[in-house]
Amino acid sequence: MTARQVTMAVHDNASNVGVQAESVHGDITVYFLPPGAGPKEKLRVGVNYLNGGMPHKAGELIYDVLMSGHTSSEAWFHWLLAVMSGRTLRQLSEEDIAKLSAVRSRLPLHRQDVWADGLRVISRLLDALDSQQPELRRLVRKELAGLDPLLREKIMRHLQLFLSGPVEDEMWTISVADAKKAQCANGRSERVWRFFYPAPANPRARQPVPATTTGRDVALAVVTTAVAAAAAGWLCWVVLTSGRVGPMAALLLSIGAGYLCAVHGAAWRFNVERRRAKDAVHRPPQQRKAAPSGGFANRVDRLFKQYAGRYVPEGIDRAEWLNLTAGIRRHLRDEIVEVYRETRVSDKEIAWLIRHRVGDLKTRWANGALWAYREQLRTPVRFRALVVLGGLVAAACWLLVIATALPQKPLTGATATVVLLVAAWPAVRGWSRIVLEGRRFAADQTEYDQRMADSWAAHERWTRKLASKPEDAEMAAWLDCDCRLLIDKAMAHYKLCPTDVIAYAVIEAPAKPYMKRGRVRNGPWRYGRYELLVFLLTPDGVRQMSAELDLEQATFHNLRRANYRFEAVAAVRVAESDKQARTFELALVNGELTTVNVTEASTDRLQDGENPLTLSEAALDASGLTTTLHVLEGVAAEGKEWIQRERQRGRKREERFISAMRDLFE
């Protein structure tokens, strides 16, 4: 046998390092029990726990429902499944058997509903436990076939470990057939990935900076304009009273030339400044200190780098693409960090927006729009010529006006000219700044509105795509099918039938690296990739098979097998950290070690109101570790003699249980 060691790092402080998709669906409350919940609410949550592969918690809740007087057939059916799920007869505790004995008079087998039908099928299965009658097995198969498919799948899933003897082979054949049908049902390959993504956060963008001009700026422009107008008006009056036609015509011409110069000059100036600002955004950024590792900004950096490397346009080298878009990507990155930093939004909730922003860069590059602003903001030559020509004509006309006024009114004319020159410059600058700031803000607002409309459309598309994400119970059911089929693969390889196997156990652990993980509120983590370990205990020793499971594609990879005698097992250990992360270790006498990190820290990414202990129990319940320990710890302590001793220890318990169950179903 080749030594196999599987290790998974548990990050107490940053467990999502390297995780590309992660979500905690806090808005999904399938495992949330509100204070003062009634029996129906407890039953609903209990059934959810059972469907999610956590029978221990389900049994506790549903038993409370039964003891409160809510004794529906549905409650009884699910409680019996919870009691027996994932365990053998020998693993039932004295408390479980006592509960079964205490409630035997209440079972509603006489009722005529679908859940009572399920109870009657369980009764038949239990009758067949120690029976060798072929007729009874045929009756069991017939009643199972006629049962509602949902109930049949529940029975197959939860009682596969419980049943033994001749009925076990019959049940296993049906169970494997159902698993093959259900393994990829309901669009598994198209839907599983959606479970690992959180609901997208609402889009945000940097708000346009309002016009920076103040009331003081407007007042100064008005005052200087009034002073300049007064001085110009006095000079015009002198020219008009002079009666000379030439200066009066020049005065009229200066008004038209000045208007053209002002209108097109403002547009020219706006285009120049706007193009300069956009060029600054596209300019390669200066080197600066990297954001602190593990922080929000650092995680946003990684997402931008990841998507920029993925969305590379055709016909351009990746390195060249990254270099050419470094400036705009840095600008977009800074904007994302700024608008989301002080919120409680995680980087996973805005990954869709980062992906959309980078994808938009690729699209604009492909259609030539990334640098289209340079052409759009280029002022045509004719307009620039009008500005220059208009300015020269206006200046020449006013020189003629001043030259006409000075000889007639030397002192006052000179004074008016000086006042005009002194007041006109701040007036022109003031109004220019006011106009340009107004146009800049209007343009920024238009771009902001367009970007937000585009972002909301992308948000809507992503939300619709995630709307069909599977429920936690579906994830658990698919994983259960995978486990059943891997067990069947192991038995087929070793040429074993279920009755040849004394006991079996499965551990479901996250594979390294899993890249994707997600959970619902109060539920266990589900992973994109699993490490599955199957242990088959036979009279000749332990048969072990492990495989990596791609949960999305329902495919097994890197199958490994090991065989060893009972006496070769030196120790079975579970190490638990302060944060309830559990590591399973199986040591052989020759020093070979199998190590698997089965559950992660329960304090990781807690939602409001979540209890770390509850999360830890849910993860342990779903992992299969408890059953595995029961099987392997006995082997490690007693070797091959464990088989006989276990049978002796369990014989009286089996007799008590079968007696209690038969009384229950009478």
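The following legends describe several close-up views of a predicted model.

Residues are numbered from 1 along each chain as its sequence is written, and side-chain values use heavy atoms, with hydrogens and water left out. Because the model is predicted, local features need a pLDDT of at least 70 and side-chain atom pairs count only at pLDDT 80 or more, whereas totals for chains, interfaces and linings use all residues.

**View 1. Confidence along the chain.**
The average pLDDT of the chain is 84, and 89% of the residues score at least 70; pLDDT is the predictor's confidence in each residue, from 0 to 100. Over residues 1-17 the pLDDT stays under 50. For this stretch the model has 42 contacts beyond four places in sequence, a contact being heavy atoms within 4.5 Å.

**View 2. Packing of helices α3 and α7.**
Two packed helices are described by the angle between their axes and the distance between the axes. The axes of helix α3 (residues 73-84) and helix α7 (residues 149-158) come within 9 Å and cross at roughly 20°. Helices (H or I, at least four residues) and strands (E, at least two) are DSSP runs numbered from the N terminus; axes are lines fitted to C-alpha atoms, for helices over the stretch in contact, and angles run from 0 to 180 degrees between N-to-C directions. Helices α3 and α7 are therefore roughly parallel to each other, a description that applies to angles under 35 degrees. The crossing of α3 with α7 is left-handed, meaning that the near helix is turned anticlockwise from the far one by less than a right angle. Phe77, His78, Leu81 and Met84 of α3 meet Leu151, Lys154, Ile155 and His158 of α7. The residues of this contact comprise 5 nonpolar, 2 polar and 1 charged; Ala, Val, Leu, Ile, Met, Phe, Trp, Tyr, Cys and Pro count as nonpolar, Asp, Glu, Lys and Arg as charged, and the others, Gly among them, as polar.

**View 3. Packing of helices α11 and α17.**
Helix α11 (residues 245-282) packs with helix α17 (residues 381-408) at an angle of about 145°, and their axes are 7 Å apart. Their crossing is left-handed. In the contact of α11 with α17 there are 17 nonpolar, 8 polar and 1 charged residues.

**View 4. The sheet of four strands.**
An open sheet with antiparallel pairing is formed by 4 strands in the order β2-β5-β6-β7; two strands pair if DSSP finds at least two bridges between them. β2 (503-510) and β7 (555-564) each have a single partner strand, so one side of each edge strand is left without a neighbour in the sheet. From one strand to the next, the twist averages 15°. Strands β5 (residues 529-538) and β6 (residues 541-550) are joined by 10 bridges in the antiparallel sense; Phe535 has Gln544 in β6 as its bridge partner. Helix α19 (residues 472-493) lies across β2, β5, β6 and β7, at about 45° to β5.

**View 5. The sheet of three strands.**
Here 3 strands, in the order β8-β9-β10, form an open sheet with antiparallel pairing. The edges are β8 (569-576) and β10 (593-599). Between β9 (residues 582-588) and β10 there are 6 bridges, and Thr583 stands opposite Asn597 in β10. Helix α20 (residues 612-623) packs on this sheet and touches β9 and β10, while helix α21 (residues 625-638) touches β8, β9 and β10. Helix α21 also lies across β2 and β5, running at about 130° to β2.

Methods. Angles under 35 degrees count as roughly parallel, over 145 as roughly antiparallel, 65 to 115 as roughly perpendicular and the rest as oblique.
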